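Please keep the structure in view while going through the numbered points.

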Amino acid sequence: MIIAVDGPAASGKGTLAAGLAAHYRLPCLDTGLLYRAVGQAVALFEDTPFFEDKAIAAALCLDAAALEDTALLTTAQAGVLASKVAVIAQVRQALFDFQRDFATRPGGAVLDGRDIGTKICPDADVKLFIKADSKARMERRARQLEARGETVDRYALYHQIEERDARDMLNPHGGFYKADDAHLLDTTQLSIEAALRAAIAIVDRTMALKAGGRSSS
Ligand code: CDP
């Protein structure tokens with residue numbers, strides 16, 4: 001079973017994806033980490049004419065070890081850099097195979113990101129599109145960063161998330177929208193546990209419907 005979990009920054013998709021993976025005993029890939037790792041690799045070239053070429057080269061030779069330093073990769077600044085490399089078509093292309101190989105391993109997988117249901121796994125068994133309003137997302141991200149000891153300027157963070165959303169939405173090479181067959185889950189008012197219960201209910205229902213469809217055909 002392949003489960004695709006998409007949604008904007010700090011919508012809770014990563015936490016949900018990890019919860020679903022634990023529940024169904026599937027491996028989980030946070031695809032944002034790939035873009036973050038590429039962004040981090042070229043941080044020194046930000047705002048220089050070499051940024052794009054360096055980012056493509058970094059994406060082409062990215063390996064799993066680069067994803068291990070999650071403390072470095074999950075800073076707010078790494079998120080901004082990620083969204084800058086994510087608009088480069090050749091970077092997306094270079095990261096496609098990595099994601100596709102992960103998704104198609106025997107037994108299945110859970111992947112979370114922006115374009116899993118639309119581009120990476122349009123054939124996923126279950127697609128979830130997670131949303132939450134901007135203020136709730138900012139507050140969640142602020143608490144996440146504070147829990148790690150970072151000092152957070154909530155006003156700046158709110159604008160950073162909005163700016164990143166805008167760049168993501170306008171990405172000409174992205175597929176950052178809800179797939180027609182994705183289930184929308186609004187987590188604005190939901191605790192992590194309630195959101196996970198709702199997501200599991202959607203997965204179980206979808207798989208049961210599919211099994212029913214198969215046995216009656
Ligand atoms: O956790 P959060 O939603 O803040 O960010 P993330 O999922 O780690 O993604 C960071 C950035 O990488 C996003 O703002 C996108 O620009 C990019 N990204 C992407 O283009 N495609 C994906 N499948 C995942 C992330």
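1. Contact means heavy atoms within 4.5 Å. On that basis threonine 206 touches Asp125, Val126 and His183, when residues up to four places away in sequence are not counted. Threonine 206 has its place in helix 10 (residues 192-216); helices here are DSSP runs of H or I with at least four residues, strands are runs of E with at least two, and both are numbered from the N terminus. Its relative accessible area is 12%, so threonine 206 is buried. The terms are set as follows: buried is under 20% relative accessible area, exposed is over 50%, and partly exposed is in between, with a 1.4 Å probe and protein chains only.

2. This is a predicted model, in which local features need pLDDT of at least 70 and side-chain atom pairs count only at pLDDT 80 or more, whereas totals for chains, interfaces and linings use all residues. Residues are numbered from 1 along each chain as its sequence is written, and side-chain values use heavy atoms, with hydrogens and water left out.

3. Methionine 1 precedes strand 1 (2-6) and is partly exposed, with a relative accessible area of 26%. Leaving aside neighbours within four places in sequence, the contacts of methionine 1 include Tyr24, Gly107, Asp125 and Val203.

4. How is a pair of packed helices described? The description uses the angle between their axes and the distance between the axes. Axes are lines fitted to C-alpha atoms, for helices over the stretch in contact, and angles run from 0 to 180 degrees between N-to-C directions. Helix 3 (51-60) and helix 6 (residues 89-103) pack at an angle of about 5 degrees, with their axes 8 Å apart. Helix 3 is therefore roughly parallel to helix 6; angles under 35 degrees count as roughly parallel, over 145 as roughly antiparallel, 65 to 115 as roughly perpendicular and the rest as oblique. Glu52, Ala55, Ile56, Ala59 and Leu60 of helix 3 meet Gln90, Val91, Ala94 and Leu95 of helix 6.

5. Helix 2 (residues 32-41) and helix 6 have axes that come within 11 Å and cross at roughly 135 degrees. Helix 2 and helix 6 are therefore oblique to each other. From helix 2, Leu34, Tyr35 and Val38 meet Val91, Arg92, Leu95, Phe98 and Gln99 of helix 6.

6. A nonpolar core is a set of buried Ala, Val, Leu, Ile, Met, Phe, Trp, Tyr and Cys residues joined through side-chain atoms within 4.5 Å. The largest such core has 21 residues, of which Val38, Ala55, Leu62, Val91 and Leu95 touch the most other members. Helix 2, helix 3, helix 5 (76-85) and helix 6 each give two or more residues to this core. A second, separate core has 18 residues, including Tyr24 and Val203.

7. Most residues other than glycine have a negative phi. Alanine 10, however, has a positive phi of about 60 degrees, and aspartate 47 has one near 65 degrees. Is alanine 10 buried or exposed? At 7% relative accessibility, alanine 10 counts as buried, whereas aspartate 47, at 72%, counts as exposed. Alanine 10 lies between strand 1 and helix 1 (13-24), and aspartate 47 between helix 2 and helix 3.
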